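Here are some friendly notes to read alongside the model. Please keep the structure open as you go through the points.

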Amino acid sequence: MNEELDHEAARIVNGRLGGKSVDTQVDLKRIETAVREILYAIGEDPDREGLAKTPGRVARAYAELFAGLRVDPAQVLKTVFSEDHDELIVVRDIEVFSFCEHHLLPFTGVAHIGYIPGAHGRITGLSKLARLVEAYARRPQVQERLTSQIADQLHETLEANGVIVVVECEHMCMSMRGIRKPGARTLTSAVRGILRDNAKSRAEAMSLINVSNR
Ligand SMILES: Nc1nc2c(ncn2[C@@H]2O[C@H](COP(=O)(O)OP(=O)(O)OP(=O)(O)O)[C@@H](O)[C@H]2O)c(=O)[nH]1
Ligand SMILES: [Zn+2]
């Protein structure tokens with residue numbers, strides 16, 4: 001099949017991201033075809049009653065699960081307020097559902113985000129921090145990149161004095177298959193600005209995030 005034509009035929013579906021509808025241009029037909037092939041390949045019958053609608057369901061699920069690919073994270077942070085607050089703001093325990101790009105299996109856990117506004121006092125809506133996590137998580141990812149992308153976007157867009165992002169996740173590709181170690185959690189952090197340069201500020205941020213007591 002001509003790839004360009006196939007791409008042009010991509011259907012628009014509505015996905016949901018952080019509770020908001022987004023236009024997600026995803027080639028559902030192509031996913032359906034691929035899922036049928038996978039079902040054949042594992043020795044299943046894609047036409048049996050229970051599986052007949054599965055390729056379509058998987059296609060719609062993927063459109064939603066990978067909706068972050070069609071979100072501009074800078075836009076997510078566009079709601080900013082000016083506030084005379086030059087100290088740490090932390091939102092912790094933001095749920096993360098992402099997919100490791102190696103096995104396309106989920107990794108799930110929480111993200112903790114802290115930032116110190118810049119001199120102009122630019123702060124964003126608290127929910128926007130969770131939306132930012134969604135925008136970067138709903139893509140094929142690695143946990144390290146997810147962590148640093150969130151930190152870099154906050155640092156840049158808010159011109160924050162300091163940023164800290166800690167992500168703790170369990171990877172299904174380590175739990176369900178391969179090494180099979182359920183319960184192992186991976187912690188990654190990214191620190192920017194004053195929180196990177198100043199050990200005392202970083203320690204204060206870490207204690208608010210309180211990772212070690214979880
Ligand atoms: N650094 C990092 N590694 C990840 C992440 N998600 C999955 N991985 C790892 O990616 C690696 C891929 O290794 P490969 O040797 O290419 O693939 P594999 O043979 O399936 O590896 P095993 O999982 O060890 O069976 C594995 O060690 C996974 O644990 C992530 O977010 N960050
Ligand atoms: Zn993996």
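1. Contacts across the sequence. In the protein chain, residues 24 or more positions apart make up 70% of the contacts with a separation of 6 or more. Two residues are in contact here if their C-beta atoms, placed from the backbone, lie within 7 Å.

2. What you are looking at. This is a predicted model, in which local features need pLDDT of at least 70 and side-chain atom pairs count only at pLDDT 80 or more, while totals for chains, interfaces and linings use all residues. Residues are numbered from 1 along each chain as its sequence is written, and chains are lettered from A and ligands numbered from 1 in the order in which they are written.

3. Confidence. The protein chain has a mean pLDDT of 89, with 87% of its residues at 70 or more; pLDDT is the predictor's confidence in each residue, from 0 to 100. Please read residues 1-16 with care: their pLDDT is below 50, although this stretch has 25 contacts in the model beyond near neighbours in sequence. The model's scores are ipTM 0.91 and pTM 0.87.

4. Overall make-up. Nine helices and nine strands form the secondary structure of the protein chain. Helices (H or I, at least four residues) and strands (E, at least two) are DSSP runs, numbered from the N terminus. Of the 214 residues, 30% count as buried. Buried means that 20 or more other C-beta atoms lie within 10 Å of the residue's own, exposed means 12 or fewer, and partly exposed lies in between, with C-beta atoms placed from the backbone.

5. Two domains. The domain assignment, which is automatic or from a database, gives domain 1 (3-70) and domain 2 (73-213). On the side of domain 1 that touches domain 2 there are five nonpolar, two polar and no charged residues. Seven residues of domain 1 are in contact with nine of domain 2.

6. The annotated site. UniProt, in an unreviewed entry, places a "binding site" at Cys 100, His 103 and Cys 173. The positions follow the numbering used here, feature names are shortened, and annotations may be inferred rather than shown by experiment. His 103 sits in the loop between strand E4 (89-100) and strand E5 (106-116), and Cys 173 belongs to helix H7 (residues 172-175). His 103 is partly exposed because it has 16 C-beta neighbours inside 10 Å. Cys 173 is partly exposed, with 16 such neighbours inside 10 Å. Among the contacts of Cys 173 are Cys 100, His 103 and Gly 178.

7. Around ligand 1. Which residues surround ligand 1? They are Cys 100, His 102, Val 142, Gln 143, Glu 144, His 171, Cys 173, Met 174, Gly 178 and Ile 179, where near means a C-beta atom, placed from the backbone, within 6 Å of the molecule. Helix H6 (143-157) and H7 each give two or more residues to this shell. By class, the shell has five nonpolar, four polar and one charged residues. Ala, Val, Leu, Ile, Met, Phe, Trp, Tyr, Cys and Pro count as nonpolar, Asp, Glu, Lys and Arg as charged, and the others, Gly among them, as polar.

8. Tyr 136. Is Tyr 136 buried or exposed? Tyr 136 is buried, because 22 other C-beta atoms lie within 10 Å. Tyr 136 lies in helix H5 (residues 126-137) and touches residues including Gly 68, Pro 73 and Leu 146.

Conventions. Lists of a residue's contacts leave out its neighbours within four places in sequence.
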